[in-house]
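Work through the exercises below with the sequence and the coordinates side by side. Try each task before reading its solution.

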Amino acid sequence: MRGYRLRWTELALLTFGGAIVTGGFSLLSMAQHRHLLQSDLRYPGIYVASTILLSLWMSKFATRADQLVFPVIALMAGVGILVITRLDVALGHRQLFWTVLGEVALALVLVFPRRVSTLRLYKYSWAFLGLLLIAATIVAGTDVSGSGYKRWIGFHGVYLQPVELLKILMAIFFAAYLDEKRELLASARIQIGPIRVPPFQYLAPLVVMWGLSLLLLVKQNDLGSALLFLGIFLAMIYVGTARAIYPVSGLLMFVAGVFLAFHLFSHVRTRTELWLDPWSRASGTGYQVIQGLIALGVGGVGGQGLGQGHPNFVPVVTTDFILSALGEELGLAGVACLLGLLIFLVFRGLSVAISAQDGFEKLLAAGLMATLAIQTIVIVGGTTRLMPLTGVPLPFLSYGGSSVLANFVMIGLLLKISSGITERRD
Amino acid sequence: MNTNIRRLGAFFLLVFGIMLGGLTYWQLIDAAAIQARTDNPRLQMQALQIRRGRILDRNGTILANRTVDAQGIVHRTYTDPSLSPVIGYDSPRFGKSELEKSYDAFLTGQDVGTNWQLQVNQWEHKPVVGDDVQLTIDDRLQQQVASILPNTPSAAIVADPRTGEILAMVSKPSFDSNQVNDPTYWNNLLHDTNSPLISRPVNGFYTPGSVFKIITLGAALDSNTDSLSTSFSGDQASGPLTVDGHVYPSTINNLNDCGGRVIVPPITLEEALVCSDNITFASVGLQLGTSRFLDYAHRFGLEQPIPFDIPVSISRTGTIPDRVALAGSSFGQGSLYVTPLQMLMADEAIADGGSIPQPALVKQVTAPDGSVVKQESGGTLFSPISAAAAAGVKSAMTAVVQQGTGVLAQIPGVRMAGKTGTAETSDGGLPHAWFVCFAPTDHPKVAVVVLVEHGGEGAYVAAPLAKQIMQAALAIAH
């Protein structure tokens, strides 16, 4: 461990982002009370202080980690707290609490384990732990949202969604396994007649793990997470093997699976029909989607302004439909900025992956970024009707303790990988 | 692996681009269409927050006001329930009616300013302030007329025959616009057999009876078919009159009691109006012929859409298939169905030298900044007969009040012209009682129509009411 070195770029960007979020809270306060209520600035104050503290922590424990990643997620998390506070004050305060907790988790990940590559040693344990948690949730979980499915585990008002943890554990497992077997997967071939087929048998452990998690998620009717896991799975295999045949055959199997599911399961059929034609169900099952689209339309390019629209007309606006609230009050301009921040983060993370020397770290960094990117695509695509709607949180912006914690841990792992890169510097 | 990571990045960038395209579609390209959807709850909310324009009487008395509650929701309050059939209601639940409906664009401020002003207002989230609508109604008179009319189904209109401005318009039974949003109250209104939701002065259909004779007389004089001194005798005057096999019974009893006088045929056409002699008017109608009779009825406004600030039903002549029907129609029976407004217009034609002024309820519309957005257009609506013919009818109508069936309408010191009507109905009840009049005869300032459904004789029921209304109106006429 090297000595203490302040991360000035990061601090400057955090100050800038902190000013934006504090400014947002001031606007909100003025929109709601017609003047600036000083007590409304306590929460952005806590937020700014926590980000500065984390940067100081990193100047000791992740001195050389990328200095742009944390300011980007801090700004998104701050905007998330801001918009959730606007929608529901109590929920906003909880989101702030979860964000601070997430920063603590990030700080801890930076110091323990000492090396990211240690994680690869227990790859099956991580995977089984994840599956066990989901299984336990199905048996002994709680149905917090009233969806009819037990997706939470916990007690006394603190509930966590194990699926968010499973996301990270599966990325670690896939990275470790692919790093171990990628030579084999990339080179070996089996000749069947004129077609050379890759050795699918080496994929068996991956497919089994993925299949098991999928099964559990389908049992919970969590199609969004199932879709996300498929995406992570295919993206990581592609990165690990450089062979397009894996993701392509995986996608084909997926399409076949969807076709089958469409005919077998009524809720898959309902969802597809809803995607194709929400208009004829505007007051029934299509209500949520259409209200979400109306909110986007009302926002237009410039947005109604913080606290000046009516995003609460959209059901579940704080979680799955946070994009509609962002779109109504911040407009296309604001949402485009947030999407820009997300893709910037993904690119920054992928460049960390490219710089990393260790194969496991490379794969893990790429996998974590794929997770964020695909999750964004699934929910933004679902809200804008580019694809069927399946509910997953919009990273850093939707309300949700587990989601915030998991995302900060993921960024912690990324920064840890970035910090370990010795030679190449930007 | 690095190449793959770069390709993965490129793929994500592409898909994010598509997402941005999707957002651009909903937030820019389709934005106007999707937010105009009726299931956008913001629209109802905005509608509830519009500072709806006030409605004032001609002297500036507030008739319909707005109050804003803590949530910014605007509520409508009405000060004079007798104006409900004129102003109508604005109910979030049951919609709008009458002036609240026809002037909605002004009251909700949708007409004001240029588009960019509206846009700036929207950006600043300022509530829209609607225009104030000032009526021609004089609320002092309105309330007096409402108290003069009986509480049975009836209607009255007071107007200025020079301008067509309506000074008072009462429909009974009425309702309270303040309570319309209450579903129980609304349901009771819908099921009330006396139909309080019908604005009788403009939408009630009635057989006119003898008040229609002013139109028949106007037609006869204007077409030079007869003059006031044309004499009728025998069965042409008092009947019984046989028309194509149908016998109209003798009216000799009416002539024996004409405002207390006994009239012995032969009688002049003027005496026929003074004593309201049906047989003479049947004879006049037969002389006119069906096509000429219908022509004059149309000229007076029957079968014509009447442009007005609130919806008006079209008065009907019905079909006149033969001479029997023509004879009946000529003294106001037959298949004629008219609104009180129609008879007021005929009354005004006589008062105003043969022309009917455009009826008006709205004097002007004023924007929140004080500028006048719309003004009463004025002008003449129809010119059914010549000034000379109108003068003839006027002198006969003056005699009606002086010495004929309208004596109970006499006001000491005021020369008045009028005509009674007693309209037989087919439903077997008492006849409808009518009275139309205007005063002063030489320079008419006020025209009045009174109708009492199944009230009995016009001379005994409607004329005394018209007298009280006329006295009240003349007291404040200018």
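The exercises that follow concern a predicted model, and they go from the contact between chains to single residues.

**Exercise 1. The interface**

Task: Describe the contact between chain B and chain A, and say which elements of chain B give two or more residues to it.

Solution. Begin with the extent of the contact: 31 residues of chain B touch 55 residues of chain A, and the two chains bury about 3,900 Å² between them, with 75% of that area on carbon and sulfur atoms. Next, turn to the polar part, where 12 residue pairs are in polar contact, counting pairs with both residues at pLDDT 80 or more. The rule finds 1 salt bridge across this interface, in which the side chains of R42(B) and E328(A) meet at 2.7 Å, N to O. Finally, assign the chain B side to its elements: α1 (2-29), α2 (31-35) and α3 (41-49) of chain B each give two or more residues, and α1(B) supplies the largest share, 20 residues.

**Exercise 2. A nonpolar patch**

Task: Locate the nonpolar surface patch that includes F112(A), and decide whether F112(A) is buried or exposed.

Solution. The patch covers about 480 Å² and is made by W57(A), V104(A), L108(A), V111(A) and F112(A). Helix α4 (residues 89-111) of chain A gives the most to this patch, with 3 residues, while F112(A) is found in the loop between α4 and α5 (123-140) of chain A. Because the relative accessibility of F112(A) is 68%, this residue counts as exposed, the cut-off for that class being over 50%.

**Exercise 3. The surroundings of a histidine**

Solution. A polar atom of the H432(B) side chain lies 2.9 Å from the backbone nitrogen of H454(B).

P150(B) sits in the loop between α8 (139-148) and β7 (154-159) of chain B, and with 26% relative accessibility it counts as partly exposed. Beyond its neighbours within four places in sequence, P150(B) is in contact with K172(B), V452(B) and L465(B).

**Exercise 4. Backbone geometry**

Task: Where do the cis peptide bonds K172(B)–P173(B) and P265(B)–P266(B) lie, and which loops hold F396(A) and S195(B)?

Solution. For the bond joining K172(B) and P173(B), omega is about -5 degrees, and P173(B) lies in the loop between β8 (166-172) and α9 (183-191) of chain B. For the bond joining P265(B) and P266(B), omega is about 0 degrees, and P266(B) lies in the loop between α12 (252-256) and β12 (267-268) of chain B.

Now take the positive phi angles. F396(A), although not a glycine, has a phi of about 70 degrees; this residue is in the loop between α13 (359-383) and α14 (401-420) of chain A, and at 3% relative accessibility F396(A) counts as buried. S195(B), likewise not a glycine, has a positive phi of about 50 degrees and lies in the loop between α9 and α10 (200-203) of chain B, where at 27% relative accessibility S195(B) counts as partly exposed.

Definitions and conventions
Residues are numbered from 1 along each chain as its sequence is written. Chains are lettered from A and ligands numbered from 1 in the order in which they are written. Side-chain values use heavy atoms; hydrogens and water are left out. Patches are made of residues with over 30% relative accessible area and no salt bridge: like charges are joined within 9 Å, nonpolar side chains (Val, Leu, Ile, Met, Phe, Trp, Tyr) within 5 Å. Accessible areas come from the Shrake-Rupley method with a 1.4 Å probe; for residues, only the protein chains shown count as cover. A salt bridge is a side-chain nitrogen of Lys or Arg within 4 Å of a carboxyl oxygen of Asp or Glu. Helices (H or I, at least four residues) and strands (E, at least two) are DSSP runs, numbered from the N terminus. Buried means under 20% relative accessible area, exposed over 50%, partly exposed in between (1.4 Å probe, protein chains only). Contact means heavy atoms within 4.5 Å. Buried area is the accessible area (1.4 Å probe) that two parts lose on being put together, summed over both. A polar contact is a pair of N or O atoms within 3.5 Å; within protein, one must be able to donate a hydrogen and the other to accept it, and residues adjacent in sequence count only if both atoms are side-chain atoms.
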